[in-house]
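Please look through the sequence and the model below before reading on. The report that follows takes up a few places in turn.

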Amino acid sequence: MDTWACTREAVNWLNLSTLAGLGLATVSRCRMVRGHRGILLARNYPLPWPKAGAFTVGNVVFLRARLSGPDSPAGLLAHEETHATQYALFLGLPFLPLYLVAAGYSWLRTSDSASMNPFERAAGLQTGGYCEFPSRPLMPVLLAGSRRVLGRIPRRSSPPPFAGGTA
C-alpha cells in the first residue's frame, strides 16, 4: 500500500469516520472483506437508505447484494475510494453535511443529486454509475417551490368588520 493510502487510512481512523462505518456495517450485518489500499468492503448492505448501489463511510465501502460479488466493478471501487479520500480531507464526519448540501444544490440545478455535486464529479460521475443531466435555470425551480410552500400555508381570514358604536 502506498504512502497516501496509509495516510488516508490512519486519518479516517483518527477522525472516527471509519469507526462509524464499521458501526453501520455491524448494525446492518454486512459481511466484511478487506479490499485494496486500506479499503474495507461491507458486502450485502440490506437497508433501504441510501438508495445507491454503493456508498462510503470513512474507509468502509458499502455494497448492495447485486454489487457484492468477487468481481465488483473496479471503476466503482475507485470512485468510492475517492470518497474515502474526501472523508480524510474534510475531517471525517463533517464531510456528510457538506455532501448533503452539495447533493441538494445539484438536485435544484439538475433534478439529480449527483450531476452538479462537486464531490461526485471529483470521484467521476460515470465510474460511480451516474448519468450527467443538464442544468436547468434556478429561478423557476425556486419560484415553483415557493408557490408549493406558500400554497400550504393557510390564509388568514380578514378581521370581522368593526361593529361598534362611538363611545
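Which residue takes a positive phi in the hairpin of strand 3 and strand 4? In that hairpin, which has two residues between the strands, the residue is Gly-58, with a phi near 65°.

## Basis of the report

This is a predicted model, in which local features need pLDDT of at least 70 and side-chain atom pairs count only at pLDDT 80 or more, while totals for chains, interfaces and linings use all residues. Residues are numbered from 1 along each chain as its sequence is written, and side-chain values use heavy atoms, with hydrogens and water left out.

## Strands

Strands (DSSP runs of E, at least two residues) and helices (H or I, at least four) are numbered from the N terminus. Strand 3 and strand 4 pair in the antiparallel sense over four bridges, where pairing requires at least two DSSP bridges, and Ala-54 has Leu-63 of strand 4 as its bridge partner. Strand 2 runs parallel to strand 4, joined by three bridges, and Leu-40 stands opposite Val-60.

In a regular strand the side chains alternate between the two faces of the sheet. From strand 4, Val-60 and Phe-62 point one way and Val-61 and Leu-63 the other, and all are buried (under 20% relative accessible area, with a 1.4 Å probe and protein chains only).

Methods:
Buried means under 20% relative accessible area, exposed over 50%, partly exposed in between (1.4 Å probe, protein chains only).
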